[in-house]
There are 2 protein chains.
Amino acid sequence: MPYVPPLDDYRLLLGHLTGFAKVTATERFAEAGGDTAEAILTEAGRLAADVLAPLQRPGDLHPARLENGVVRTSPGFAEGFRAIAEGGWIGISAEESSGGMGLPLTLATAVNEMFSGGCLALQLAPLMSQGQIEALEHHASDELKALYLPKLTSGDWIGTMNLTEPQAGSDVGALTTKAEPKGDGTYAITGQKIYITWGDNDFTENVCHLVLARLPDGPSGTKGISLFMVPKYLPQDDGTPGEANALRVVSLEHKLGLHGSPTAVMSYEGATGWLVGAEHGGMAAMFTMMNNARLGVGTQGIGVAEAATQLAMAYASDRKQGRASGRGTIIEHADVRRMLATMQAQTFAARAIALMCAGALDMARATGDAAQAARGALLTPIAKAFGTDTGCEVAQMGIQVHGGMGFIEETGAAQLARDVRVTAIYEGTNGIQALDLVGRKLMDGGEAAFALIDSVITEAEGARATRPVLADHLWQAAESLREATEHLVALEPAARGEVAVPYLRAFALVLGGQAHLCAAAHGGPERQALAAFYLRRMLPEHAGLLAHVREAGEAGLPAADELLA
Amino acid sequence: MPYVPPLDDYRLLLGHLTGFAKVTATERFAEAGGDTAEAILTEAGRLAADVLAPLQRPGDLHPARLENGVVRTSPGFAEGFRAIAEGGWIGISAEESSGGMGLPLTLATAVNEMFSGGCLALQLAPLMSQGQIEALEHHASDELKALYLPKLTSGDWIGTMNLTEPQAGSDVGALTTKAEPKGDGTYAITGQKIYITWGDNDFTENVCHLVLARLPDGPSGTKGISLFMVPKYLPQDDGTPGEANALRVVSLEHKLGLHGSPTAVMSYEGATGWLVGAEHGGMAAMFTMMNNARLGVGTQGIGVAEAATQLAMAYASDRKQGRASGRGTIIEHADVRRMLATMQAQTFAARAIALMCAGALDMARATGDAAQAARGALLTPIAKAFGTDTGCEVAQMGIQVHGGMGFIEETGAAQLARDVRVTAIYEGTNGIQALDLVGRKLMDGGEAAFALIDSVITEAEGARATRPVLADHLWQAAESLREATEHLVALEPAARGEVAVPYLRAFALVLGGQAHLCAAAHGGPERQALAAFYLRRMLPEHAGLLAHVREAGEAGLPAADELLA
């Protein structure tokens, strides 16, 4: 599975849509300007193509396994992780004081996408560390920071997130893992955690588990949860790993995909932990970690969508079939082209949204601008859900382009669809993302949403003179989205849940429309053809989606007992 | 995975939508009237639930494998096949003169759906025989019929279809397998065939391969293809299997799903075959087989959709999670209910379409009515594509309802999604189905399509007095479909291909709307709630789909070189 980094897309989007010039005009990110961005993207793209992409199939064929309590990783993964670490990529957006590069999230997002396109199962490992680094930077004591951050950014150690328990998934507040003060400033952690991504490995010196647990006096629910650093090996005075902590991998899950990524059931048996952040303040730290990870997971979906599109394009350009074209390749068939155009156009739209989100978060970080922070917060659930839905849908379409070969595992198309499936579920299911959008992110009365929609409308109006048909399609869709948002904001938050998912998707489609209009303006004939396809054929999907919103609060969603009957 | 046969749906649809009373009022199908249908459905449902459903997981966990050239099937599959055979289900719609029950396709469709919901991998085996029986009934010599049909309907022998070769998939005409006359009325068949479903097994006395091959004087393309019966063991004079034929299983494919169903690469090495139908007339026989199989494959998708819905319903009704509901089960969450309602409503719509199709084909068979034959032919690609798309989409949604558990194989949700995926590909990809719809099936100038759409409009108008909102939603959608059909019919057939898939889906959504309106009229409050959900929230998807059609022939689909750039 060769992989070609989509550098032209990044250049176009950073140059004309996401305001990357403004980001690098800030003092904080001044060093990312000029040739730096181009060098970063080119170098990361090379790693994704040359080092990571060759690991994609071996990870599936030779899953990580548990042998006598020790996790054995897939062939080549140790070297792949080392290459990521040595390139400095784990700490790409970490503070320089933590050993990171301090680069904008915009670049980290593009890099994470390329690594995901190369080998998603392995890319998950540094992604977990990145979330942990961000949580420690914001919430850990100076002592913990000094000990852990350099090790995490260097890749000598690796980080994990331990939230879920068998009875506590999306409902984190139901967790029962206990933390008891040992009297020496540390805590004894006892409980079982499940779905621990990269819960162990055989290539880093240490594994640093951030574990949510409840103190003896912690109230029930999320308000009684605290966060603890629980390393696999207890650091000695000189910082090197010493005695083994009282924790173990109980088992690895047998999963639909991501076989190269060990998903562990972890048991903490009075393991020693250090408090991160305030007592009972674990959720705040967790959200820091998850917010970062949400955008990262969105880019995972986009990376796989890109890989699936490239695989399908290669197949369709090579596979000879069909009388209609005199035994030309199947790309000559209109329906195959429809699928390929859909895959390309949707992947581009999702990529644009992720980078818009990163750009807003960068501006907020660099300038403290509240409007940019609100925009980044608004875009985060959209980037996560639409990015991962796009990954799943595009990978499924990739199977279809392959015809019968798509069902045969050696093609690799099926693996992409299996691997990416979980991205729509973890870091908060896409349903949870949509609830976040229509709930928390509209709590400002829709201010951030209306500002974003207005900016799309302004773009559409500006393009009326040069591209009247495309501009009008976007304008109409954005106006419909505005009306739907007004309707939604007027509803009680509890009544919004049933239309949250279609609303989020409609929002994403409109934002994607802006990206395509931008691409048509600044790109060549291919960009214009793809933009026309997206705006004229794909964007009209918003009508059906927003019909859900119009019905919100009216009759139309069966009650539980009506479904059960 | 318990499975509950959807008998109430069949009762409602046969009683009020598909005109089953008219079918059983014909002389041909008079015996299927009265209590027979109820008894058939109940008995088949019991077999699906009690015998087949328990084989679903073992088939995935213990795949069929090739050992020293012999296929070893999954545990329990031999007994499962025997139970299907002994119930007479293989020959359910075969002529009584062939040893069959001679029952309407309507009942066979419902039965096939239930068996697919129980265990798709195993159900494929009798489905292959059913297609072969139909082809032999229409095209084979009396001698071949007398020898093979009783063995196939009894399940002592089993049938396969051999179309595809490595270079000839959807483009069957490119095949190169040769058939040379041996001078004794038989032919020597030489070539390689791939994707042979149930290409071999260890539980039937013989395996009867229907193989497409080219005679020495056969012109190139589909016009030079003939069909041959090539049994694994050559029948002796007394009809019992004798000497092994010169054919073998080269390998089994490593597939995304359906691990219990052996998909073989077959090699014919001068194997003895008997001509079925006329020389160079193989495609006609093949189409007989495939037409039958297409509706059958559509029902496979629906069966899996039903199984996935039941699995998700059970999980959502049992899984406790979430503060919003005070630790109630997740079915209390609006977005989970939205998913479950979508799954139920879409499965019902797809089921209704398959049964409408079967009903029209039954009427055509019983009365020779050309309009019913045209309606059945029109509905066949819709039933196949929408049924299997529904299987794939509903199974994916089922994974989502399970959250993290959906990605873990032991839940079974992922298996359903893996297994059903190929149904959108085999027996003609869903893209090919859509091309059949907008090409061959509109060659009558749209007569059959307009007649069907008009019948929907009439139903909608009739319901205006009792259900004005729902009736109006359906009326609007059907009118839009009529306009789109008028637009499509006015286009050159070659220009229709690029919008074929969205057009087919819009057609299916409208037909599903008629079914839901009917269910609201004849069902209780649950049916009415589901119908409202479908007509008010799901049916509006047609707007986006028909936007594709409006753009047909205009700009909007990138050319091959624009995609490749």
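The domain assignment of chain A gives two entries, domain 1 (158–279) and domain 2 (431–557). In this predicted model, the C-alpha centres of domain 1 of chain A and domain 2 of chain A are 40 Å apart. Chain B can be superposed on chain A with an RMSD of 0.0 Å, and salt bridges over all chains number 54.

**Relation between the chains**

- The same surface serves both copies, since 100% of the contact residues of chain B recur in chain A.

**Helix α8 of chain B**

- Helix α8 of chain B covers residues 282–318 and has 37 residues.
- From its first C-alpha to its last, helix α8 of chain B reaches 53 Å, which is close to the 54 Å expected at 1.5 Å a residue.
- Helix α8 of chain B is mostly covered, with 31 of its 37 residues buried.

- N430(B) is placed in helix α12 (residues 430–438) of chain B.
- With a relative accessible area of 6%, N430(B) falls under the 20% cut-off and is therefore buried.
- The side chains of N430(B) and K384(B) are joined by a polar contact of 2.9 Å.
- Neighbours within four places in sequence left aside, N430(B) is in contact with residues of chain B, including A385(B), T388(B), D389(B) and V501(B).
- The contacts of N430(B) also include Q400(A), a residue of chain A.

**Salt bridges between helices of chain A**

- D436(A) and R294(A) form a salt bridge in which the closest N and O atoms are 3.1 Å apart.
- D436(A) belongs to helix α12 (residues 430–438) of chain A and R294(A) to helix α8 (residues 282–318) of chain A, so this pair ties together parts 142 residues apart in sequence.
- D436(A) counts as buried at 13% relative accessibility, and R294(A) counts as buried at 10%.
- E541(A) and R505(A) form a salt bridge, their closest N and O atoms being 2.8 Å apart.
- E541(A) lies in helix α18 (residues 541–551) of chain A and R505(A) in helix α16 (residues 500–522) of chain A, so the pair ties together parts that are 36 residues apart in sequence.
- E541(A) counts as partly exposed at 31% relative accessibility, whereas R505(A) is buried, with a relative accessible area of 15%.

**A salt bridge within one helix of chain B**

- R482(B) forms a salt bridge with E479(B), and the closest N and O atoms of the pair are 2.7 Å apart.
- R482(B) and E479(B) are three residues apart in helix α14 (residues 468–489) of chain B, so about one helical turn separates them.
- An α-helix has 3.6 residues a turn, so residues three or four places apart point the same way.
- R482(B) counts as partly exposed at 24% relative accessibility, whereas E479(B) counts as buried at 15%.

**A salt-bridge network in chain A**

- D9(A), E113(A), E306(A), R351(A) and R527(A) are joined into one network by salt bridges that share partners.

Key. Residues are numbered from 1 along each chain as its sequence is written. Chains are lettered from A and ligands numbered from 1 in the order in which they are written. This is a predicted model: local features need pLDDT of at least 70, side-chain atom pairs count only at pLDDT 80 or more; totals for chains, interfaces and linings use all residues. Side-chain values use heavy atoms; hydrogens and water are left out. Helices (H or I, at least four residues) and strands (E, at least two) are DSSP runs, numbered from the N terminus. Buried means under 20% relative accessible area, exposed over 50%, partly exposed in between (1.4 Å probe, protein chains only). A polar contact is a pair of N or O atoms within 3.5 Å; within protein, one must be able to donate a hydrogen and the other to accept it, and residues adjacent in sequence count only if both atoms are side-chain atoms. Contact means heavy atoms within 4.5 Å. Copies are superposed by least squares on the C-alpha atoms of residues with pLDDT of at least 70 in both. A salt bridge is a side-chain nitrogen of Lys or Arg within 4 Å of a carboxyl oxygen of Asp or Glu. The expected span of a helix is 1.5 Å times one less than its number of residues. Domain bounds come from an automatic or database domain assignment.
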